[in-house]
Amino acid sequence: MSKFLVALSILAAGLAGCSALDERGVSRETQGTVGGAVAGGAIGSAATGGSTIGTIGGAVVGGAVGNQVGESYDEKKRQ
């Protein structure tokens, strides 16, 4: 349970940091990558009971998904 709370805290801090990036002019693609990696790592850690492989795997998958979502948002914003 404590690992879950740590993962949840890291997730919250990471997502809060992403909102500050918007004010600095960082693209949504980059924000999506960072946010997705943080969320994926937290979910992967929680799902595997704190396994290093699960955390890294979740971060990689989350980062890739977040990157694609952010890129799509940036493209729509440019049109």
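A residue counts as buried when its relative accessible area is under 20%, as exposed when that area is over 50%, and as partly exposed in between. In this predicted model, T33 has a relative accessible area of 27% and is therefore partly exposed. S45, by contrast, has a relative accessibility of 15%, so S45 counts as buried.

Both residues belong to helix α2: T33 lies in this helix, and S45 is found there as well, the helix covering residues 28–47. Helix α2 has 20 residues and reaches 27 Å from its first C-alpha to its last, close to the 28 Å expected at 1.5 Å a residue. Its buried residues are Q31, G32, G35, G36, G40, G41, A42, G44 and S45. Just after α2, G49 adopts a positive phi of about 70°.

Helix α3 comprises residues 52–78. At its start, a side-chain oxygen of S51 comes to within 3.3 Å of the backbone nitrogen of I53.

The relation between the two helices can now be described. Two packed helices are described by the angle between their axes and the distance between the axes. Here the axes of α2 and α3 come within 6 Å and cross at roughly 150°. Angles over 145 degrees count as roughly antiparallel, and α2 and α3 are therefore roughly antiparallel to each other. Their crossing is right-handed.

Which residues form the meeting surface? From α2, the residues R28, E29, G32, T33, G36, A37, G40, G41, G44 and S45 take part, and they meet G54, T55, G58, A59, G62, G63, G66, N67, G70, E71, Y73 and D74 in α3. The buried residues of α3 are G54, G58, G62, G63, G66, G70 and D74, and these buried residues pack against α2.

Not counting residues up to four places away in sequence, T33 touches G63, G66 and N67. The C-alpha atoms of T33 and G63 are separated by 4.4 Å, although the two residues are 30 residues apart along the chain. The side chain of T33 also reaches the backbone oxygen of E29, at 2.9 Å. S45, with neighbours within four places in sequence left aside, is in contact with G50, S51, G54 and T55.

Methods: Residues are numbered from 1 along each chain as its sequence is written. This is a predicted model: local features need pLDDT of at least 70, side-chain atom pairs count only at pLDDT 80 or more; totals for chains, interfaces and linings use all residues. Side-chain values use heavy atoms; hydrogens and water are left out. Helices (H or I, at least four residues) and strands (E, at least two) are DSSP runs, numbered from the N terminus. Buried means under 20% relative accessible area, exposed over 50%, partly exposed in between (1.4 Å probe, protein chains only). Contact means heavy atoms within 4.5 Å. A polar contact is a pair of N or O atoms within 3.5 Å; within protein, one must be able to donate a hydrogen and the other to accept it, and residues adjacent in sequence count only if both atoms are side-chain atoms. The expected span of a helix is 1.5 Å times one less than its number of residues. Axes are lines fitted to C-alpha atoms, for helices over the stretch in contact, and angles run from 0 to 180 degrees between N-to-C directions. Angles under 35 degrees count as roughly parallel, over 145 as roughly antiparallel, 65 to 115 as roughly perpendicular and the rest as oblique. A crossing is left-handed if the near helix is turned anticlockwise from the far one by less than a right angle, and right-handed if clockwise.
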